[in-house]
Each structure stands twice: as structure tokens, then as C-alpha cells.
Amino acid sequence: MSPRNIALIPAAGSGSRFGAAKPKQYLEIGGKTVLQHTIDIFLAHPQIHYTAVILAPADHIFQTASSKRLGIFRAGGASRAQTVRNGLHALSAQGIAAPHDNILVHDAARCCLPPEALTRLIEAAGGTPEGGILAMPVADTLKRGDGANRIAATVPRTALWQAQTPQLFQTALLLRALCAADSDGFTDEASAVEALGIRPQLVEGDARNLKLTLPQDETLVRLLLAAV
């Protein structure tokens, strides 16, 4: 049986860096929340079989009900890794995700993911045991600071990539990586998989796939969504 492609959107964070009164995934743009825009990307994609949204247990802002292709799980944890791990356990326990299925973990605040980038990731990494992530080659000159806001060194950008999401891994591999003792300290899924000695693929992403993190990002996100 061919693996299914299951999107998992961890949406239990508070978005503290964004500085709004409520989590950034609930910012409204064009009549929909950022989270709903993100969900709709996956629901509209023909190669995504199911989308799971993992919310904080006390989150009562998001009211959309589960359906045949969309599951809402209030199982979020204190960290991203915990939230994804809890979501994987829920999907496995309910028979939604088999060990060989592809899990595509995507940031709730990346609501401008172009469908062609998503297709590229699925086709490049969906059939591989090591999985892969969307990423962009670093274009800017990088400086390492000395702790006092002075330049300590210029870092060669050759072979450096900026990680994006989705990050695609088989259910069994991702669970094994996120159940490791130190997995809660990782800020993305690839880091946990790398800690097992596995080298995921780098699949070229898209500059439009930006993450709504700081208040100044909102203007760009609004422009990108308006252009769709």
C-alpha cells in the first residue's frame, strides 16, 4: 500500500514574539485567520490525504469541527516537540497514520506556502526513508557576533540553508526521533531526526513561504495572500 501524506500543523504556541493579544495564528487577514489560511493550503492540495491541527488543550478560539479530511486535536504540549509528538500519538492511536505514512509538519504561521513547493517536497522526499524538508540556500552575508554586538567573524554561506516547513518524515521515524530523551530542546523536526544519525534531504523551498513571527512580517503576509 502506498503511503498516505498527512499534514500535521502544531498550533499550540502563544506567539509571544509577535506581541499580539492572542496567538498570531488567530490574526485575521482577508476574512480568515492565519491558521485557516494555512489549513486551506493542505485541504486544497490533491496529494494531501488528511490534515491534523494540534491545538493547546485550553484553546477554545478555533471552532472548526473535524471532518473526513481534517482532524482537530487539543493535545498540544509545552514545546513544539511535545505538541508534534502528542499529535503523532493521537494519529497513530486512532489508526489515521500508519508507521510508513508521510507526516508533513508545517508551521501554523506559514500561511503563504505555494502549492508547487509542497508538491516539490512530496515528490522529492515522499518515497525516501530519510525524509526531507523545504529549505532556501542562504543568500545574505552572515556575521557571527561576539556577545557585545560586534562582529567576531564572517561566516561562509557556502552550503548553508535556511530551514522552512513542511518537514516530511515517515510516522515511525518521526516518533522515534521525538521520543528521544533530549528531543524537547529541538526547534524543528529535522534536528531530532539528524540526532539519530540520519541526513534528511534538502528540497528547495520558496521565498514566499515566510513565517509570521514579528509584527513587521504582517505587511508582507497580507500582500502575499492578496496576490493569491
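Biologist: Which strands does H1 lie across, and at what angle does H1 run to S1?

Modeller: This is a predicted model, in which local features need pLDDT of at least 70 and side-chain atom pairs count only at pLDDT 80 or more, while totals for chains, interfaces and linings use all residues. Residues are numbered from 1 along each chain as its sequence is written, and side-chain values use heavy atoms, with hydrogens and water left out. Helices (H or I, at least four residues) and strands (E, at least two) are DSSP runs, numbered from the N terminus. Axes are lines fitted to C-alpha atoms, for helices over the stretch in contact, and angles run from 0 to 180 degrees between N-to-C directions. Contact means heavy atoms within 4.5 Å. Here, H1 lies across S1, S4, S5 and S10, and runs at about 175° to S1. H2 also packs on the sheet, where it touches S1, S4, S5, S6 and S10. The direction of H2 makes about 140° with that of S1.

Biologist: In what order do the strands of the open sheet stand?

Modeller: Strands of a sheet pair through backbone hydrogen bonds, either parallel or antiparallel. Two strands pair if DSSP finds at least two bridges between them. In this model seven strands form an open sheet, in the order S5-S4-S1-S6-S10-S7-S11, with mixed pairing. S5 and S11 are the edge strands, each pairing on one side only. From one strand to the next, the twist averages 30°.

Biologist: How many bridges join S1 to S4, and how many join S1 to S6?

Modeller: S1 and S4 run parallel and are joined by six bridges; within this pair, Ala11 stands opposite Leu55 of S4. S1 and S6 also run parallel, joined by four bridges, and Ile6 stands opposite Ile103 in S6. On to the next pair: S4 and strand S5 (residues 70-74) run parallel with five bridges between them. There, Ile54 has Phe73 of S5 as its bridge partner.

Biologist: Is S4 mostly covered or mostly uncovered?

Modeller: Buried means under 20% relative accessible area, exposed over 50%, and partly exposed in between (1.4 Å probe, protein chains only). S4 is mostly covered, since six of its six residues are buried. Tyr50, Ala52 and Ile54 point one way from the strand, Thr51, Val53 and Leu55 point the other way, and all are buried.

Biologist: Which residues of the largest nonpolar core touch the most other members?

Modeller: A nonpolar core is a set of buried Ala, Val, Leu, Ile, Met, Phe, Trp, Tyr and Cys residues joined through side-chain atoms within 4.5 Å. The largest one has 27 residues, of which Phe73, Leu88, Leu91, Ile103 and Leu174 touch the most other members. Among the elements that give this core two or more residues are strand S1 (5-11), strand S4 (50-55), helix H2 (80-93) and helix H4 (171-178). A second, separate core has 25 residues, including Leu113, Leu118, Ile122 and Leu168.

Biologist: What is Leu174 in contact with, beyond its neighbours within four places in sequence?

Modeller: Leu174 is in contact with Val84, Leu88, Ile103, Val105, Phe169, Glu189 and Val193.

Biologist: Which residues of H3 are buried?

Modeller: An α-helix has 3.6 residues a turn, so residues three or four places apart point the same way. In helix H3 (residues 115-125), the buried residues are Ala117, Leu118, Leu121, Ile122 and Ala125. They lie on the same side of H3 because they cover an arc of only 135° around the axis, where the arc is that of the directions from the helix axis to the C-beta atoms. These buried residues pack against S1, helix H1 (34-43), S6, S7, strand S10 (161-170) and strand S11 (201-204).

Biologist: Where are there residues other than glycine with a positive phi, and where is there a cis peptide bond?

Modeller: Most residues other than glycine have a negative phi, and most peptide bonds are trans. Asn149 has a positive phi, near 60°, and lies in the loop between strand S8 (142-145) and strand S9 (151-155). Asn149 counts as exposed because its relative accessibility is 81%. Ala159, in the loop between S9 and S10, has a positive phi of about 70°. Its relative accessibility is 66%, so Ala159 counts as exposed. The cis peptide bond joins Thr165 and Pro166, with omega about 10°, and Pro166 is placed in strand S10.
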